[in-house]
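I opened my notebook on a structure that is new to me. Here is what I looked up, entry by entry.

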Amino acid sequence: KGPEGLPTNPKILIAYFSHTGNTELAAWQIQAAVGGQLFAIQTEVPYPQDKSECGKIAKQELAGNERPPLAVDLADISQYDTIFIGYPVWYGTTPMAVRTFLEAHDFSGKVLVPFCTSKKSGIEKSLDAIATSCPQADITKGLALQDIGTGKMQRLISSWLEGVRGEIDTFGRHNDLQINKIPVLTFKVSTGILLHIMLIRHWRG
């Protein structure tokens with residue numbers, strides 16, 4: 001179940017990989033708007049918090065086309081029609097842990113909705129990686145959130161979701177996407193890290 005008092009939708013999954021917390025915040029905002037189940041993609045061996053050390057491992061995994069094992073995975077995604085997939089952009093593309101998750105499941109007949117966070121990189125290269133990992137899925141236009149403030153993040157997500165709903169219709173898939181006003185309180189601290197309170201409490205998938 002989702003956060004208390006927020007909408008739920010058993011046909012929507014919001015899976016995300018987050019290292020610094022920015023992608024997780026975006027996932028929470030999407031969940032607040034469309035409901036659905038949150039699932040945090042986490043590796044069996046956590047990435048170092050140190051940016052330089054994390055970067056070395058990420059670069060090595062990418063160069064070696066590795067699939068790092070996950071700490072836990074979903075047993076079955078068949079109940080979901082629409083699956084959001086979120087991640088930070090690492091070296092211009094998806095973290096390899098995201099590919100581990102995607103390639104472990106059958107996305108036939110599913111709609112994949114990508115979103116990413118980054119300082120300056122776009123989403124295009126990562127969309128190619130997702131299409132390669134999930135050739136059987138219908139993939140919507142992705143959303144790249146680049147170093148933006150809280151209010152702008154909400155506006156971008158809301159506008160993008162309206163477009164996503166229209167895209168799902170063009171795929172001829174069953175469309176469960178109902179968009180609600182994002183019921184969150186947000187504020188920005190001096191470090192630039194976005195924090196928010198979702199009603200009374202937040203929920204980590």
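**Entry 1: the order of things.** I began at the N terminus and read the elements along the protein as β-α-β-α-β-α-β-α-β-β-α-β-β. That makes five helices and eight strands, where helices (H or I, at least four residues) and strands (E, at least two) are DSSP runs numbered from the N terminus. I noted that this is a predicted model, in which local features need pLDDT of at least 70 and side-chain atom pairs count only at pLDDT 80 or more, while totals for chains, interfaces and linings use all residues. Residues are numbered from 1 along each chain as its sequence is written, and side-chain values use heavy atoms, with hydrogens and water left out.

Entry 2: I looked up burial next, and 49% of the 205 residues count as buried. Buried means under 20% relative accessible area, exposed means over 50%, and partly exposed lies in between (1.4 Å probe, protein chains only). The protein exposes about 9900 Å², with 52% of it supplied by carbon and sulfur atoms; these areas come from the Shrake-Rupley method with a 1.4 Å probe. I also checked contacts (heavy atoms within 4.5 Å). Of those with a separation of 6 or more, 78% join residues 24 or more positions apart.

**Entry 3: the cores.** Which residues have the most contacts inside the largest nonpolar core? I found Ile85, Phe101, Leu102, Phe107 and Leu112, in a core of 27 residues. A nonpolar core here is a set of buried Ala, Val, Leu, Ile, Met, Phe, Trp, Tyr and Cys residues joined through side-chain atoms within 4.5 Å. Two or more residues each come from β1 (12–16), α2 (51–63), β3 (82–88), α3 (96–103) and β4 (111–118). Helix α3 gives the most, with four residues. I then followed Ile85, leaving aside residues up to four places away in sequence; its contacts include Ala15, Ile41, Val98, Phe101 and Ile130. There is also a second, separate core of 24 residues, and Ile30, Phe84, Val113 and Trp160 are among them.

Entry 4: I turned to helix α4 (residues 124–133), where Ser126, Ala129, Ile130 and Ser133 are buried. They cover an arc of only 100° around the axis, so they sit on the same side of α4; the arc is that of the directions from the helix axis to the C-beta atoms. The buried residues of α4 pack against β3, α3, β4 and β5 (138–139). On the face turned away from the buried side I found the exposed residues Glu124, Lys125, Asp128 and Thr132.

**Entry 5: charged pairs.** How many salt bridges are there? I counted three, taking a salt bridge as a side-chain nitrogen of Lys or Arg within 4 Å of a carboxyl oxygen of Asp or Glu.

- Lys56 and Glu53 meet at 3.4 Å, N to O. They are three residues apart in helix α2, so about one helical turn separates them. Lys56 is exposed at 52% relative accessible area, and Glu53 is partly exposed at 37%.
- Glu103 and Arg67 meet at 2.8 Å, N to O. Glu103 lies in helix α3 and Arg67 in the loop between α2 and β3, so the pair ties together parts 36 residues apart in sequence.
- Arg165 and Glu162 meet at 2.7 Å, N to O. They are three residues apart in helix α5 (residues 150–171), again about one helical turn.
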